[in-house]
Amino acid sequence: MDTLRQSPSPCSSRPSSPRTPPFEMFGPVGIEAVLDQLKIKAMKTGFEFNIMVVGQSGLGKSTMVNTLFKSKVWKSAMPSLEVPTPQTLELHSVSHVIEEKGLKLKLTVTDTPGFGDQINNDKCWDPVLGYINQQYEQYLQEELLITRQRHIPDTRVHCCVYFVPPTGHCLRPLDIEFLRRLCRTVNVVPVIARADSLTIEEREAFRSRIQQNLKTHCIEVYPQKCFDEDINDSILNGKIREQIPFAVVGADQEHLVNGRCVLGRKTKWGIIEVENIAHCEFLLLRDLLIRSHLQDLKDITHNVHYENYRVIRLNEGSGAVAQVVERSP
Amino acid sequence: MDKEYVGFAALPNQLHRKSVKKGFDFTLMVAGESGLGKSTLINSLFLTNLYEDRQVPDANARLTRTLTIERRGVEMEEGGIKVKLTLVDTPGFGDSVDCSDCWLPVVRFIEEQFEQYLRDESGLNRKNIQDSRVHCCLYFISPFGRGLRPLDVAFLRAVHEKVNIIPVIGKADALMPKETQALKQKIRDQLKEEEINIYQFPECDSDEDEDFKRQNEEMKESIPFAVVGSCEVVKDGGTRLVRGRRYSWGTVEVENPHHCDFLNLRRMLVQTHLQDLKEVTHDLLYEGYRARCLQSLARPGARDRASRSKLSRQSATEIPLPMLPLAETEKLIREKDEELRRMQEMLEKMQAQMQQSQAQGEQSDSL
């Protein structure tokens with residue numbers, strides 16, 4: 001991992017144009033061109049992004065992933081009722097390579113069917129935490145090798161999207177227990193799922209109650225205040241923090257509205273357009289996860305969460321290091 | 001011709017008059033996870049704000065809350081008929097992280113009402129038995145799940161032999177038409193698979209008119225009812241005022257049969273099957289409880305109760321129940337309270353009448 005590489009701040013979008021350094025002493029040297037070199041490198045190696053979706057069954061997790069990445073990441077178009085909910089929590093991951101304008105993104109989505117569906121949901125967060133720590137462990141082992149791979153495959157979870165059911169009241173005990181534990185280990189983005197059952201007023205009231213709950217229980221969701229680097233970040237992230245959790249609706253069927261083809265849900269009283277900001281906040285979620293903060297999510301995972309894990313593990317004993325040293329040739 | 005006419009064809013009218021005088025008692029239980037629109041639906045059904053003083057507990061409070069049973073009463077009058085509706089609510093159901101056995105308080109409550117009625121029925125003074133048995137349980141299923149959840153199944157299995165269950169899909173405006181149909185079918189299949197007995201609509205008599213038969217069939221086929229509740233009156237996008245929920249993409253009309261099954265539920269619960277629900281509770285469910293209760297007392301295994309009673313043989317005429325002396329006096333007190341209340345009502349009516357006639361008298365004097 002190239003530690004010298006710093007993430008470009010999300011709010012700075014500099015137009016890139018390679019400038020040949022002029023032949024004067026007191027002129028720009030041409031360091032700007034480094035940005036382009038980084039870009040070209042990135043295009044070649046591609047990006048990895050690992051996202052986990054957590055929530056009770058039926059909250060539209062699979063549909064949301066399909067809508068976010070505009071592709072059938074999950075095979076079933078309509079989350080089928082024939083698929084039985086498992087008795088215990090299972091995790092399963094699916095990887096896809098998506099390409100856009102020459103840039104490849106290796107997307108891994110981890111689903112958690114069976115979460116919160118049982119009568120007794122105590123400790124249902126343990127398998128999830130276990131999986132996340134397992135990915136950190138894998139990365140750590142690779143990092144500790146004497147002869148390391150050039151590019152360590154990154155399976156660490158960069159973002160965990162937590163789907164809150166639209167009760168309209170406040171966070172449930174299960175939500176609080178889960179969020180409390182996971183916020184310390186991974187970037188968590190809570191969303192209000194299936195928000196088409198709430199009116200605008202109900203959404204605002206629900207959102208402010210959730211924000212209160214999060215504050216009361218000291219749950220820091222992404223973007224975390226403590227990781228804001230400068231004043232620009234604080235302002236930008238502050239705006240996002242006011243709107244978290246986003247009230248989202250997912251859909252993978254297209255309908256004709258006013259001559260346009262839009263993704264939406266068609267009911268007898270109207271068509272809910274997923275990409276219409278007046279109907280739901282899906283666009284805000286998409287922009288956060290993909291368009292503006294994708295790299296930031298990865299950086300925080302690497303620089304903060306992974307480092308925390310690493311420190312704990314290395315402190316547990318040099319046994320871990322000794323094991324690895326023996327392993328490599 | 002007159003010789004063959006005995007005259008009892010007018011009996012139903014006598015019944016009608018008597019029941020109008022007596023009034024109706026109905027106890028409705030509402031159960032399901034919080035946030036499924038139960039309170040809003042009840043307010044919409046009975047067009048009254050039964051939950052005025054309710055405080056939705058904060059997340060902190062929920063962490064330590066256990067299931068409680070709350071009773072609210074409201075007296076409604078329409079067309080001269082009085083209905084005393086008692087609503088039994090189960091806040092806290094399904095809220096905790098660990099919901100094991102969270103249905104036991106509900107089962108206990110239902111059985112306590114049966115026990116109370118059994119005592120009253122077996123008692124000496126049966127003039128004014130208060131019927132506090134639960135006549136119907138509206139069970140709310142989440143529209144977001146893939147059918148019945150394990151908790152739903154556990155609850156329904158615990159109560160289905162003790163109360164009339166009407167399954168209802170709450171917040172049904174979250175579903176598209178195809179999804180609603182698929183979910184209803186899935187729930188029906190699951191109910192059959194788990195052998196859960198929900199309230200069965202009685203078959204129509206063959207001499208009912210076609211319209212009624214068709215309505216009945218429609219009602220049966222739309223179980224579980226997919227309902228939307230609202231106490232607000234909004235514009236439907238045009239100029240019409242409707243009871244509904246207004247979204248940015250359209251307005252859901254609660255009383256529109258194309259939008260949800262609210263009308264069906266209301267018709268069924270209030271207009272057509274109120275009496276049948278009470279009868280099934282009395283004839284089927286209560287009798288079942290009574291038989292079980294009496295049989296278990298006659299068994300040698302039920303030592304506790306047998307020792308208190310002096311019975312050695314199974315008999316329905318003698319009272320095997322441990323009749324605590326307190327219960328009798330409690331009953332007498334309740335009866336006296338009822339009589340007092342009625343006398344007070346009559347007194348108030350007479351006073352009002354007197355005042356009216358006095359006022360009229362004064363008016364005529366001044367003229």
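Start in chain B by selecting strand S4 (residues 136–141) and strand S5 (residues 165–169): the two run parallel and are joined by 5 bridges. Strands here are DSSP runs of E with at least two residues, helices are runs of H or I with at least four, and both are numbered from the N terminus. Now show side chains for Cys137(B), which stands opposite Ile165(B) in S5(B).

A word on what you are viewing: this is a predicted model, in which local features need pLDDT of at least 70 and side-chain atom pairs count only at pLDDT 80 or more, while totals for chains, interfaces and linings use all residues. Residues are numbered from 1 along each chain as its sequence is written, chains are lettered from A and ligands numbered from 1 in the order in which they are written, and side-chain values use heavy atoms, with hydrogens and water left out.

Move over to chain A. Here, too, you will find an open sheet of 6 strands, ordered S2-S3-S1-S4-S5-S6 with mixed pairing. Strand S4 (residues 159–164) of chain A runs parallel to S5 (residues 188–192), with 5 bridges between them, and Val164(A) stands opposite Ile192(A). Select helix H4 (residues 173–182) of chain A as well: this helix lies across S1 (47–54), S4 and S5, at about 170° to S4(A).

Finally, display both chains together. The contact takes 46 residues from chain A and 45 from chain B. About 4,100 Å² is buried between the chains, 59% of it on carbon and sulfur atoms; buried area is the accessible area (1.4 Å probe) that two parts lose on being put together, summed over both.

Which residue forms a salt bridge with Arg245(B)? Zoom in on Glu202(A), where the closest N and O atoms are 2.7 Å apart. The count between the chains is 3 salt bridges, each a side-chain nitrogen of Lys or Arg within 4 Å of a carboxyl oxygen of Asp or Glu.

Conventions. Pairing = 2+ DSSP bridges. Contact = heavy atoms within 4.5 Å. Axes fitted to C-alpha atoms, helices over the stretch in contact; angles between N-to-C directions.
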